[in-house]
Amino acid sequence: MRITSDMLTRQVLRDLTTVMSKMQKTQSQISSAKKIEKPSDDPVGITQLLAYKTDSAQGQQYTNSIASCLDWLNSTSTTLTSVEDNLLSIIDVANQGNTGLLSVQDRSALAEQVNQYLEEAYSLANTKTEGKSLFGGTQTLSEPFTATRDAAGKITVVAVSSPANIDNEILRTIGKDQTVQVNSKGGELFSPGAGSNMFDNIIALRDALEDPDFDSQAVSGIITSLETIFNRVVNENAVFGAKINRLESTQERIQLESLSLTERISDIGDTDIAKAFLEYQAQKNIYDASLSVGSQLIQRSLVDYL
Amino acid sequence: MSIFGGITIGGRALSAYQAAMDIIGHNIANANTEGYSRQRATLAATPPDMFTCGAIGTGVEVSDVRRIRDAYLDLQKYTELGTLGQWEMKDDALRQLEVYFPEPSDTSLNNLLSNFWQAWSDVANSPDDQISRVNLIQQSLLLTDSINNTRSKMGQCRENIDELIQSKVDEVNSLTSQIAVMNGQILSAETSGHEANDLRDKRDLLVSQLSKIIDFSLNEQADGTYAISIAGRPAVWAKQTSEIEAIPDGSNGNLVALQWQDTDEPITPLNGELAGLLYARDTSIPAYITKLDALVANLISEVNSLHDNGYDLNGAAVLGQDWANFFSGTDASDITVNQDIQDNPSFIAAASSVNPGDNANARAIADLMDTSIVGLSTTFSKYYQSQIIGSLGVETREASQTRENESLIVDQLFDNIQAVSGVSLDEEMTTMIQYQHAYEAAAKYMIMAGQMLDALMAIVL
């Protein structure tokens, strides 16, 4: 087959172009640190990569949700502990007052203490976190409990502001098809019905202590009710403690998964710089060799010798 | 046999080698001319004089100047150039499309979609205040703006291809008329019975250029002119041409369609750049536009149908109100966030009852992120990742590979053609030396024949 100078020149150009385009690709991968720069570089790889990224974003979303849950749960738990302490103090005073040896003034002083504890209980039941009521169910923007006061400013009745909504659940999504209730139902906790209502009992206790006609039997009944209510609050707090533990371990699990995803994303999408450098070196050697051979090839012809 | 016969022989040799050297010189001068085929002088002995002792030759002449060219390789070249042209255009169009889907990156749709769901989740975690709602609107607008932008760029791609088609059509018409002109020139030049080599080279070069743009069938007529038919109809015959044009087609969004200028008959090219451009414009790109529209239409309908049934921050049901729909628009070109909601974030229906702490609706919308959507047969993200990005990657890669392969085939073909028709300077040099020596020898012979004549004259005078 005849070989013409045109063929040689085009061959040299073709080979140089091929090597140069490989070098350019490698150089681009090194400087951007990305192995996959556009979909056509690796169609299967990029589909996987994007799927991992979406999974990672979802994990992050659930983590954010959990953080928001933990805020609410921790606030509620802290408040419930305060309610427990408050109730213990009230029961203590009630027991003191129930001994038949006190004078009317002594009992009056105790009644005053109970009134303070009552104000405390009322305030705790209306606790807000970030401007939202903890115990109001889905009616988060208004106070769940309203107090009616007499002319002297003392609370006479504490009623639920919105009975229809106070026991609604507030749910948060923490995983695929997984939700958790983050609130404590204020109605069920503080005023489930006659006899077991925390406020009614505390008010009744205060009034009984103030009453010159002291009814010891009634007060004993109140103490028993208060103890039942105390246990109810302790149980509720335990539930919250368990929820907090569960969410914290879910958070840890998601973080581990997220680390693993990040690794896989990097594996697929990021350039192995060391490997790329070696490739670049090899290509550069080939390029140098091609240049050297090519230049010698296209310079010579018979004309030089005639 | 006269004494002058010798001079005649010498003279003939000198002029023959002179002509042969001219041809060598012509080859060397045109060593780098595109489309040039090397020429060779065919030296033939002139008819001999018959004598009783036998035939005595009368010298040499250049009987023909041959153009060394393989017509079969040329036909192959036209086909392969057409295929190369087609895949070059397809590859370019797909690469352009790829630019508008800059994955993997933080500003691309995959990430914006994730951020959108995150924003809904934030509203679900904090349904009773404005901050998370304002953020949701921002993230949603980022998403819709990006979608609008991508969609409009894809439409722009098709319009750009249109302009390219128009210029290719002009090129085709220009080439066919030039070929017709060459036909005329060759016709008049070949009346002598010999081929007009350089004119034919020029015409073949024009045909080559035409083959890259559109496919045709070529027939050389008995009189040496080319008859070229495009899509079954004659485009060039003798000195006549029939022009093609690109006219806006109402049934295709006013993008152009090819037809014959005189009869308005439509033309569907099967190969060449025009075929590639039309395929890219009417098949490749629209497929992705349809997919993007499908994704967006489903997004709009799924989110809106949940949003419709919710309650906003003011405790009112949104059903029947102007802000019942979260998204306005129907597809990728016009999707945006409902203006009423943009102006008033409280209208976002995060709740499924009048209570502000109720986040059931927002949670349901956030859950769409990993729900398999009926209209797409998979989740939003997976549809985008495999049907749009994965598909595009595969198609682009395939087009690039085919283009590269075709390019190699064309290179190989050009090498083969060069092997037959190319000028090898070494070869020309060698032949030149050969003719040079022959010329010198002929000149010496002339001198000797002249001396013989002198000797004869000396006897007589």
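A: Gladly! Let us begin with a term for angles: an axis is a line fitted to C-alpha atoms, for helices over the stretch in contact, and an angle runs from 0 to 180 degrees between N-to-C directions. Please keep in mind that this is a predicted model.

Q: At what angle does helix 5 of chain B run to strand 6 of chain B?

A: Helix 5 (residues 197-213) of chain B runs at about 5 degrees to strand 6 of chain B. This helix lies across strand 5 and strand 6 of chain B.

Q: In what order do the strands of that sheet stand in chain B?

A: The order is 5-6-7-8, in an open sheet of four strands with antiparallel pairing. Strand 5 (217-220) and strand 8 (240-241) of chain B are at the edges and have a single partner strand each, so one side of each lacks a neighbour in the sheet.

Q: How many bridges join strand 6 to strand 7 of chain B?

A: Strand 6 (residues 226-230) and strand 7 (residues 233-237) of chain B are joined by three bridges and run antiparallel. To find your place there, look for Ser229(B), which stands opposite Pro234(B) of strand 7.

Q: How many residues lie between the strands in the hairpin of strand 3 and strand 4 of chain A?

A: Five residues lie between them, and in this hairpin Gly153(A) has a positive phi near 90 degrees. Strand 3 (residues 145-149) and strand 4 (residues 155-160) of chain A pair antiparallel over five bridges. Thr146(A), for one, has Ala159(A) of strand 4 as its bridge partner.

Q: Is the peptide bond from Glu103(B) to Pro104(B) cis or trans?

A: That bond is cis, and its omega is near -15 degrees. Pro104(B) sits in the loop between helix 2 and helix 3 of chain B.

Q: How many residues of each chain are in contact where chain B meets chain A?

A: In chain B 53 residues are in contact with 51 residues of chain A. The area buried between the two chains is about 4,400 Å², and carbon and sulfur atoms give 50% of it.

Q: How many salt bridges are there between chain B and chain A?

A: The count is eight. One salt bridge is between the side chains of Asp411(B) and Arg14(A), at 3.5 Å from N to O. Helix 9 of chain B gives the largest share of the side that touches chain A, with 17 residues. The residues of that side of chain B are 16 nonpolar, 21 polar and 16 charged.

Key
Residues numbered from 1 in each chain as written. Chains lettered and ligands numbered in written order. Predicted model: local features only at pLDDT ≥ 70, side-chain atom pairs only at ≥ 80, totals over all residues. Heavy atoms only, no water. Contact = heavy atoms within 4.5 Å. Buried area = accessible area lost by both parts, 1.4 Å probe. Salt bridge = Lys/Arg side-chain N within 4 Å of Asp/Glu carboxyl O. Helix = DSSP H or I, 4+ residues; strand = E, 2+ residues; numbered from the N terminus. Nonpolar A, V, L, I, M, F, W, Y, C, P; charged D, E, K, R; others polar. Pairing = 2+ DSSP bridges.
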